[in-house]
Amino acid sequence: VPFSVIITAGNFSKTIESNNNNGFEFDNIPLGVVRLSFSSSSCRIVPQNAELNLTSSGLTLDSFRLVKDYWNCDYTLEGSAVDCVETDDAYYICGTVKTALRANDIFLTKVNFDGDVLWTKYFGSLYDDESVCLRVLGKRLLIASNSVYYDKDFAGSNVRLILTDMNGDLVEEKLWGGSGYETVNDIYVESSSFVLAGTVDGSNGFDIVLVRFGYDLTEKKRVNLGGSGDEYGCVLVKTGNSFCYFGKAPDSSDGTVYNPIVRITDEEFNETFAETFASGKTEIIKSAVFSGGVIYFCGSYYDGVISKKGGLIGSYVPGERVINNNYFCSENIESVAGIYPNGSAFAVSVKLRKTNGLRDSDAAMGEFDGVNSFSLKTTFKASSNEEETIFFKGTAAGFLSGGSSYNSSTGKYFIKLLSVNREYYVQ
């Protein structure tokens, strides 16, 4: 496996490429404490950085290992993976699982870079709990979820915030909301606080909302954003000193069509811009990333018939009154779950309809050129199960997507993870 190492010691710095793909040699390095930083386009090296004491007798790197963390894994862990964060030693995955006693519970699982599950913890309540996103807050993990409750005349929802340590043990929990409808759609982490982007009951229907919490889950600031009709939140993007909150709103002429909306605020949630982008199609933005002054987004669109249901990929310059949309329904693309920069292009995770049935689907990868061209990458393993892709993240070694795989023989959903390198290779 080819790799390189950067060696630094004080003002000394030297980059060395591996020798014949087996190792490396160096000389004229100052004795004392040296810092080693490894990198490879073909695998992950754990740890990637280390400080060691170099003596005249040399040093042995016996604590380092190469990890081939490009894999396509079907697990026996029940549930659907919803979000992921990467740390120095593993991936943490949160998701939702059906239980015998309650409709849904939340799970948190730790997966090493080889794709092996190390442990899984569960969090439940008296309500129907559904995971939405996972974030790192210092040395803790934050799971943001929605807790749906029912009685004979009414159904509502509150936001459940779960704070754990890095071992998955509960530190603190908060149920946020009132007697109506409050949901979380996205979380943006700041240095000592985080911003919750959600949807709430407003004075004129449903509004989108921004709420700032401290790391101790104390609410600091809340602002409702919305017009005269219903608006539902989708994705929050930080763009310099502003927040861009993408959502959806029913078209005034046709309540079955949802138009994308964007509301832009400053860091104190004062609204500076709002726009609705009507196309005559239902368009749902599921993921977005800010790169080079432009927001690149993806999701799905629907134009009334199944043959016109496909993937949505586009771009938006914050503050403009137009949005660049591209619709992809060829190659049986049903939706696009995530987008992330990859060199001069963008890697995307897609859900494919299988030709032998509209409900059957595969998780796959593709590439968007940033303008209007998309290509599907075929280096993935097709499955006999129905697969759903929910999240897509860039990692230190490549990309990771996750969701669920439905086994028709057992009638159960199991988590699905797909890891690829930056050339979209899957082992």
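In this predicted model, R263 and E271 form a salt bridge, with their closest N and O atoms 3.0 Å apart. R263 is buried, at a relative accessible area of 10%, while E271 has 38% and counts as partly exposed. Elsewhere, salt bridges with shared partners join D83, R135, D186 and K393 into one network.

A search of the whole structure turns up 17 salt bridges. Here are three of them, by their N to O distance:

| Salt bridge | N to O distance |
|---|---|
| R263 and E271 | 3.0 Å |
| D89 and K110 | 3.2 Å |
| E190 and R212 | 2.9 Å |

D89 is partly exposed, at 41% relative accessibility, but K110 is buried, at 12%.

Now for E190 and R212. E190 is buried at 17% relative accessibility, and R212 is buried at 10%.

Let's move on to the rings. The whole structure holds 19 aromatic pairs. One of them is F399 with Y424, a stacked pair with 6.3 Å from centre to centre and 10° between the planes. F399 belongs to strand β33 and Y424 to the segment after β34, 25 residues apart. Both F399 and Y424 are buried. F399 has a charged neighbour too: the charged end of R422 sits over its ring, 5.1 Å from the centre.

Ring pairs also link Y181, F206, Y232 and Y258 into a cluster. Over the face of Y258 lies K248, 5.0 Å from the ring centre.

Methods
Residues are numbered from 1 along each chain as its sequence is written. This is a predicted model: local features need pLDDT of at least 70, side-chain atom pairs count only at pLDDT 80 or more; totals for chains, interfaces and linings use all residues. Side-chain values use heavy atoms; hydrogens and water are left out. Rings of Phe, Tyr and Trp (its six-membered ring) pair if their centres lie within 6.5 Å; planes under 30 degrees apart count as stacked, over 60 as edge-to-face and the rest as tilted. Helices (H or I, at least four residues) and strands (E, at least two) are DSSP runs, numbered from the N terminus. Buried means under 20% relative accessible area, exposed over 50%, partly exposed in between (1.4 Å probe, protein chains only). A charge sits over a ring if NZ of Lys or CZ of Arg is within 6 Å of the ring centre and within 35 degrees of the ring normal. A salt bridge is a side-chain nitrogen of Lys or Arg within 4 Å of a carboxyl oxygen of Asp or Glu.
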